[in-house]
Amino acid sequence: MPDRKPSRAAVSAKAQLPSKICPVCQRPFSWRKKWQRDWEQVKYCSQRCAASARAQGVADERG
């Protein structure tokens, strides 16, 4: 199966998506379509980071 190289327009569009820094792993993560309704409430980049935050006693937020 050949790898398809993304078009310049697709790369440019992804570069313009909003991003945040995960407070647990300190890595940047960018907007995903599954977060389109509640991007404001998203704090963590992954379920692993959200679980880690809960284990540390940080207030639970959607991630």
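Are F29 and W39 buried or exposed? F29 is buried, and W39 is buried too. The legends below cover this pair and its surroundings in a predicted model.

**View 1. Overall fold of the predicted model.** The protein has 2 helices and 2 strands. From the N terminus, the order of elements is α-β-β-α. Helix α1 covers residues 8-15. Strands β1 and β2 take in 19-21 and 28-30. Helix α2 spans residues 47-55. Of the 63 residues, 17% count as buried. The exposed surface comes to about 5500 Å². Carbon and sulfur atoms supply 49% of that surface. Among contacts with a separation of 6 or more, 12% involve residues 24 or more positions apart.

**View 2. The largest nonpolar core.** This core holds 10 residues.

**View 3. The aromatic cluster of F29, W35 and W39.** These three residues form one aromatic cluster. The search of the whole structure finds 3 aromatic pairs. In the pair of F29 and W35, the ring centres are 5.7 Å apart. Their planes meet at 80 degrees, so this pair is edge-to-face. F29 and W35 are both buried. F29 also pairs with W39, with ring centres 5.9 Å apart. Here the planes stand at 70 degrees, so the pair is again edge-to-face. The cut-off for that class is over 60 degrees. The pair of F29 and W39 links distant parts of the chain. F29 sits in strand β2, and W39 in the loop between β2 and α2. The two residues are 10 residues apart.

**View 4. K20 over the ring of W39.** Where does the charged end of K20 sit? It sits over the ring of W39, 4.4 Å from the ring centre. W39 itself is buried, and W39 is also part of the aromatic cluster with F29 and W35.

View 5. How many disulfides does a search of the whole structure find? The search finds 0. C22 is in no disulfide, and its nearest cysteine sulfur is that of C25, 3.7 Å away. C22 counts as buried because its relative accessibility is 0%. For C25, the closest cysteine sulfur is in C45, at 3.6 Å. C25 is partly exposed, with a relative accessible area of 27%.

**View 6. Q26 in the loop between β1 and β2.** Q26 lies in the loop that joins strand β1 to strand β2. Its phi is near 60 degrees. That is a positive value in a residue other than glycine. Is Q26 buried or exposed? Its relative accessibility is 54%, so Q26 counts as exposed.

**View 7. P23 and its contacts across the chain.** P23 lies in the loop between β1 and β2. P23 is partly exposed, with a relative accessible area of 44%. Which residues does P23 contact, leaving aside its neighbours within four places in sequence? The contacts are K43 and Y44. P23 and A50 are 27 residues apart in sequence. Their C-alpha atoms are 9.6 Å apart in space.

**View 8. Q16 and S30.** Q16 is found in the loop between α1 and β1. With 65% relative accessibility, Q16 counts as exposed. Q16 and S30 are 14 residues apart along the chain. Their C-alpha atoms are separated by 9.4 Å. S30 falls within strand β2, which covers 28-30.

Methods. Residues numbered from 1 in each chain as written. Predicted model: local features only at pLDDT ≥ 70, side-chain atom pairs only at ≥ 80, totals over all residues. Heavy atoms only, no water. Helix = DSSP H or I, 4+ residues; strand = E, 2+ residues; numbered from the N terminus. Buried < 20%, exposed > 50% of the residue type's maximum accessible area, 1.4 Å probe, protein only. Contact = heavy atoms within 4.5 Å. Areas by Shrake-Rupley, 256 points an atom, 1.4 Å probe, with all protein chains shown as cover. Core = buried A, V, L, I, M, F, W, Y, C linked by side-chain atoms within 4.5 Å. Phe/Tyr/Trp six-rings, centres within 6.5 Å; stacked < 30°, edge-to-face > 60°. Lys NZ or Arg CZ within 6 Å of the ring centre and 35° of its normal. Disulfide = S-S within 2.5 Å.
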